[in-house]
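Have a look at the sequence and the fold before reading on.

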Amino acid sequence: MSSHAHSTSTAPSGWRGLVQDWSGDRAAFKVSWGKTMMWIFLLSDTFIFSCFLTGYMTVRSSTTVPWPNPSHVFSLHVGGVDVPLLLIAIMTFVLITSSGTMALAVNYAYRRDRNTTFWLMLATGLLGACFVGMQAFEWTKLIVDEGIRPWGNPMGAAQFGAVFFMITGFHGLHVSLGVIYLLVVAFKVRRGDYEKRGYQIVEIAGLYWHFVDLVWVFIFALFYLW
């Protein structure tokens with residue numbers, strides 16, 4: 001009876017008790033706060049992209065005006081010939097390649113190979129920047145040459161411009177922020193900031209980047225192949 005009373009009296013209360021309980025849960029599940037928060041963020045972002053893509057499919061399925069042909073809208077004039085989806089294929093290849101370099105960066109980070117990790121993350125960031133640059137070129141072509149606007153479209157259904165610019169723009173923003181995030185982490189890795197704390201931050205950055213790549217696969221399939 002007295003031992004029970006003693007253990008109760010020594011148990012921390014208030015904020016200290018709350019912190020101890022949460023710390024205990026973290027230790028029990030062996031998941032760091034950084035990785036947990038990134039998964040929560042990605043889950044919330046999944047809901048947002050799901051709503052956007054579901055809205056796009058609903059609009060496209062219900063419109064009474066013909067939807068523009070992606071092979072025609074997204075073709076490039078090369079050597080006097082229109083090549084369907086050439087730019088989109090290159091963009092997809094670049095982004096998928098960046099996913100591979102990011103996976104290698106995580107692998108070398110856990111080997112504590114700072115130099116290789118830095119160069120692989122730098123390559124990933126540069127590939128991401130290249131993707132954003134090609135997307136900017138694509139937008140310029142559609143707006144300037146084709147006359148497509150968020151509120152109108154001379155090629156068919158007016159809703160095309162609204163959903164296209166909203167969804168690809170939102171994804172492009174994610175890629176742009178991801179490039180900045182990766183470059184910051186890469187230079188901190190090279191400086192040796194994570195030698196004592198460990199390199200899990202590289203894996204967390206990788207989770208974000210792989211998510212961005214995965215979302216593009218759905219956008220590619222629904223916008224450019226459907």
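How are helix 5 and helix 8 oriented to each other, roughly parallel or roughly antiparallel? Before the answer, some ground rules: this is a predicted model, where local features need pLDDT of at least 70, side-chain atom pairs count only at pLDDT 80 or more, and totals for chains, interfaces and linings use all residues. Residues are numbered from 1 along each chain as its sequence is written, and side-chain values use heavy atoms, with hydrogens and water left out. Helices (H or I, at least four residues) and strands (E, at least two) are DSSP runs numbered from the N terminus.

Now the pair itself. Two packed helices are described by the angle between their axes and the distance between the axes. Helix 5 packs on helix 8, which covers residues 200-225, at an angle of about 160°, and the axes are 9 Å apart. Here axes are lines fitted to C-alpha atoms, for helices over the stretch in contact, and angles run from 0 to 180 degrees between N-to-C directions. Helix 5 and helix 8 are therefore roughly antiparallel, given that angles under 35 degrees count as roughly parallel, over 145 as roughly antiparallel, 65 to 115 as roughly perpendicular and the rest as oblique. Their crossing is left-handed, meaning that the near helix is turned anticlockwise from the far one by less than a right angle (clockwise would be right-handed). By class, the contact of helix 5 with helix 8 has 17 nonpolar, six polar and two charged residues. In this scheme Ala, Val, Leu, Ile, Met, Phe, Trp, Tyr, Cys and Pro are nonpolar, Asp, Glu, Lys and Arg are charged, and the others, Gly among them, are polar.

Helix 5 has another partner in helix 6. The axes of helix 5 and helix 6 come within 8 Å and cross at roughly 160°, so these two are roughly antiparallel. Helix 5 passes helix 6 in a left-handed crossing, and their contact has 18 nonpolar, seven polar and one charged residues.

Next, follow helix 6 along its length. Its 32 residues should span 46 Å at 1.5 Å a residue, and its end C-alpha atoms are 46 Å apart, which agrees; the expected span is 1.5 Å times one less than the number of residues. Just after helix 6, G147 takes a positive phi of about 75°.

Elsewhere, helix 3 (residues 33-62) and helix 7 (residues 159-191) have axes that come within 9 Å and cross at roughly 160°. That makes helix 3 roughly antiparallel to helix 7, and their crossing is left-handed. Just after helix 7, G192 takes a positive phi of about 90°.

The largest cavity is lined by V73, F74, S75, L76, L87, I88, E138, K141 and L142. A cavity is a set of points on a 1 Å grid over the protein atoms alone where a 1.4 Å probe fits but cannot get out, and lining residues have an atom within 4 Å of a point. Helix 6 gives the largest share of that lining, three residues.

Definitions and conventions:
On a 1 Å grid over the protein atoms alone, a cavity is a set of points where a 1.4 Å probe fits but cannot get out, and a pocket is an open set with protein on both sides within 12 Å along at least five of seven lines; lining residues have an atom within 4 Å of a point.
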